[in-house]
Amino acid sequence: MYKQIYLCLQQLSRRTICSTARRQVDNMVKEKQKLFQADNGIPVHLKGGAMDAILYRLTMGLTVFGTGFVVYELLSASMPKKS
């Protein structure tokens with residue numbers, strides 16, 4: 001039983017590694033270079049489109065929230081607790 005599983009996995013891995021790609025992938029490097037090198041006044045970290053803008057705003061929001069939370073925790077840790 002284990003030998004059959006071993007042979008099956010060995011054949012599957014050999015087929016996966018040695019087989020050729022079934023579909024051709026287009027080379028998009030030249031188009032991406034034109035997009036990112038265009039002088040259109042948009043910062044390079046936002047030239048990728050809407051998803052870049054969403055990720056940028058999410059990152060900035062989390063950074064501001066994290067900074068505010070750290071300042072709050074530092075202030076609360078520095079104040080003596082009243083009992």
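In which helices of the chain is confidence lowest and highest? In this predicted model, the mean pLDDT is lowest in H1, at 71, and highest in H3, at 96. Over the chain as a whole the average pLDDT is 84, and 87% of the residues score at least 70. Where pLDDT is low, predicted coordinates should not be read in detail.

The secondary structure consists of three helices and zero strands, and the order of elements from the N terminus is α-α-α. Helix H1 comprises residues 2-18, and helix H3 comprises residues 50-78. Of the 83 residues in the chain, 2% are buried. The accessible surface of the chain amounts to about 8400 Å². Carbon and sulfur atoms account for 64% of that surface.

An unreviewed UniProt entry annotates residues 54-75 as a "transmembrane region". In the model, this span is 100% helix and 0% strand.

Met1 belongs to the segment before helix H1. The relative accessibility of Met1 is 74%, and the residue is therefore classed as exposed, the cut-off being over 50%. The mean pLDDT of H1 is 71, the lowest in the chain.

The search for aromatic ring pairs returned one pair. This pair is formed by Phe65 and Phe69, whose ring centres lie 6.3 Å apart and whose planes meet at 15°; the pair is therefore stacked, since planes under 30 degrees apart count as such. Both residues are in helix H3, and because they are four residues apart in that helix, about one helical turn separates Phe65 from Phe69. The two side chains fall into separate accessibility classes. Phe65 has a relative accessibility of 58% and so counts as exposed. For Phe69 the value is 45%, so this residue counts as partly exposed. The mean pLDDT of H3, the helix that holds this pair, is 96, the highest in the chain.

Definitions and conventions. Residues numbered from 1 in each chain as written. Predicted model: local features only at pLDDT ≥ 70, side-chain atom pairs only at ≥ 80, totals over all residues. Heavy atoms only, no water. UniProt positions renumbered as here; feature names shortened; annotations may be inferred. Helix = DSSP H or I, 4+ residues; strand = E, 2+ residues; numbered from the N terminus. Buried < 20%, exposed > 50% of the residue type's maximum accessible area, 1.4 Å probe, protein only. Areas by Shrake-Rupley, 256 points an atom, 1.4 Å probe, with all protein chains shown as cover. Phe/Tyr/Trp six-rings, centres within 6.5 Å; stacked < 30°, edge-to-face > 60°. pLDDT = per-residue confidence, 0-100.
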